[in-house]
Structure formats: structure tokens, C-alpha cells
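Keep the structure open beside you as you read.

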Amino acid sequence: MPERINVNGTITPPERAAVPALDRGFLFGDSVYETIRTYGGRPFRLRDHLERLRRSAERLGIPHAAAPVEIEREILRTVADAGGGDAVVRVVLSRGPGPIGYATDGCGPPTAVVYVRPCPPLPDGWRGEGVDVAIVGVRRNSAAALDPAIKSSNLLNNFLAWSEGRRLGAFEPILLNAEERLTEGASSNVFLVRSGRLLTPRLEDGLLEGITRAVVLDLARRHGIPAEEASLGPDDLRGADEAFLTSTLKGIVPVRRCDGWPIRDGRPGPVTRRLLDLFDAAVQEETKAGSAPGSTLR
Ligand code: PDD
């Protein structure tokens, strides 16, 4: 599958795609984004992603409705142009070009970018063995600063956490908030299992409301796995019976070790494995030809 980039409705190969140097997305990270996965050319949970994009833009005052193109249409058009298949779609909506400075007068219209690339295969062993995480020193932004609930492209804090995690030999860092409560990974949500109960940090502790997280919580509740959003500390994760990460790109990935210590016996546990199966089945069901988007779970 070739890669394609769509800038305000014009689709080109990546090397020909460009955004103006005075775009506020470039100058200030003044943009919001979504990562969407397609299976056989069909986007999973497209409506939920578009709705979150709209909410993120609204929180930053980016005039979403003034985008020069209809974003859903451009996503579908670009995926089709790349030949469908299993793709990752990055949608970015910036406030657009404008005079340098914070004032937004004379700024815009918003720039809409859709980047479609083949989905990288998950490395061997991720699903079967799990990955290592480390609780890092970099803290998740306070919700009173750039609220983590906003999926903004201003990702430097996540990048710093990710770099620290890699230095510690971890695949994904886990960030605490200023009160030392668990929040999430640099690009994933985190879950743990304790005595058969599924637990995940509550939104009030400052994190992105992941779409995969919502699907997993919904699947657990529908299939009789007690599930709760709670305020959790680092020792809840280190001492968990099972743990896993969720994201659009990765789906569900078991956690093998935290801070170098195995989670239980260091092997994906029964609740994680059950949710992996349920998640795969939900994705298949929702993205098979003829099914309405998101129809099986809501
Ligand atoms: N990341 N938390 C953060 C900080 C994220 O960046 C992401 C997603 C998630 C998981 O959300 P979802 O299930 O809706 O993908 C949680 C995407 C994949 C990215 O950065 O490309």
C-alpha cells in the first residue's frame, strides 16, 4: 500500500505534501489530531474519533467548522486512494496560517491533513509475551494546564516521558500526575487486574479518554468482568495480577514487567487474554463489510 497525504483536499505522495511555514500547528503545536485504524479499508470507530477531534478543537477554540474540507469525506477518500487495506490514519487539524504572535485575528482557515500509511505489523511477542513499562519522573500535564483530555499535537511532554522510558529500557513510559496517581502511557491508556477486577485510572486524574479504553470497559461490563475507573497509585500497577496497555495503533498489549519487576509471573493473564479475544471479535464484527460503524457496541 502506498502512503498518501491529503492537505486541505489535495492528495499527494508524502514527499510532495507541505504545510505553510507560518501555520500555527508548526509555530505553536496549535493543532489537534486523531490516529485511526482501518481494517480492510474500513475505519474502526470513525465516529468516535471524529467526535473527539471536534471536542479537542472546541476546547482550544480551533474553528473546526471552518475547515476548508469535510474531514470524514477526506479520510475515506485518502484511504481509498491508498488502496484500502490495514492502514493507520493520522488526521491533524491546525488553526491554520496566521501572523506570528498569539492573537488569532487574521489566522486561518484551519489546515486539515490526513496521512494514510500501511499499519506497521506488531512486533513478534507483543501479544503473546507482553512489553515492559516503567513509571517515569516526567509528570502528565495538569488538567489545569494543557488538559490531557485534549488530543493536541503539542506532544513534547509525552516525548520527554517516552525518551525517559526508553532510557530505562521500557517500551512505554507510565506517567503519574502531580499527586503521584497513575494516568496513562505516552501514547496509550493503562489497565490492571486485581483479584479478577479490571481497573483503569479515572479521567479526573488527568488523561486522554481513549477510544480503545472505552471499548475495553464496555466489553468487560458486557461480558461480566467487573470493571472500574479508579484513582490508582504506582504500587497498584507494580503489584497487579495483570496489566495491559490500550491504543488505536496497538489494540491491547499485555504488560510483562513494570520497572524491571514481572507483573505476577510475567505472562499475560486470563483476563487480559479474554479481553484480547473479545476485542479482536468486536473489531472484526464492526469492520466487516455491511456493518454500520460502531454498531455492535453502542
Ligand atoms: N495515541 N493516551 C494517549 C496520551 C494517547 O496518545 C493515546 C493514543 C491513547 C489511546 O487512545 P486511543 O485508544 O483513542 O487510541 C491514550 C495514538 C494512537 C497516537 O498517539 O498516535
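Predicted model: local features only at pLDDT ≥ 70, side-chain atom pairs only at ≥ 80, totals over all residues.

S1 has another antiparallel partner in strand S6, residues 111–118, with four bridges between them. Look for Val116 in S6, the bridge partner of Arg4. In a regular strand the side chains alternate between the two faces of the sheet. In S1, Arg4 and Asn6 point one way while Ile5 and Val7 point the other way, and all are buried.

## An enclosed strand

Strand S8, residues 172–176, is worth a stop too. Five of its five residues are buried, so S8 is largely enclosed by the rest of the structure. Glu172, Ile174 and Leu176 point one way from the strand, with Pro173 and Leu175 pointing the other way.

S8 pairs with strand S7, residues 131–135, in the parallel sense over three bridges. Here Ala134 stands opposite Pro173 of S8.

## Aromatic pairs

A pair of aromatic rings is described by the distance of the centres and the angle of the planes. How many aromatic pairs does a search of the whole structure find? The search finds six. Take Tyr39 and Phe44: their ring centres are 6.3 Å apart and their planes stand at 90 degrees, so this pair is edge-to-face. Phe44 has 8% relative accessibility and therefore counts as buried.

Phe191 and Phe244 make a stacked pair, with 4.9 Å centre to centre and 10 degrees between the planes. Because Phe191 lies in strand S10 (residues 189–194) and Phe244 in strand S13 (residues 242–247), the pair ties together parts that are 53 residues apart in sequence. Phe191 is buried, with a relative accessible area of 0%, and Phe244, at 0% relative accessibility, counts as buried as well.

## Around Tyr39

Tyr39 also belongs to an aromatic cluster, which it forms with Phe44 and Phe279. The charged end of Arg37 sits over the ring of Tyr39, 4.0 Å from the ring centre.

Phe279 brings us to helix H8, where it is one of the buried residues. Others buried in H8 include Val271, Leu275, Leu278, Ala282 and Glu286. H8 covers residues 270–287, and at 1.5 Å a residue its 18 residues should span 26 Å; the end C-alpha atoms are 26 Å apart, so the two values agree.

## Space inside

Rolling a probe the size of a water molecule over the atoms shows where empty space is left. The structure holds two cavities of 30 Å³ or more, and the largest cavity has a volume of about 60 Å³.

Which residues line the largest cavity? The lining consists of Arg37, Tyr39, Phe44, His49, Ile211, Thr212, Ser247, Thr248 and Phe279. Strand S3 (31–39) and helix H6 (211–222) are the elements that give two or more residues to this lining.

Conventions:
Residues numbered from 1 in each chain as written. Heavy atoms only, no water. Buried < 20%, exposed > 50% of the residue type's maximum accessible area, 1.4 Å probe, protein only. Pairing = 2+ DSSP bridges. Expected span 1.5 Å × (residues − 1). Phe/Tyr/Trp six-rings, centres within 6.5 Å; stacked < 30°, edge-to-face > 60°. Lys NZ or Arg CZ within 6 Å of the ring centre and 35° of its normal. 1 Å grid on protein atoms, 1.4 Å probe; cavity = no way out; pocket = protein on both sides within 12 Å on 5 of 7 lines; lining within 4 Å. Points joined across faces, edges and corners; volume = space filled by probe spheres on them.
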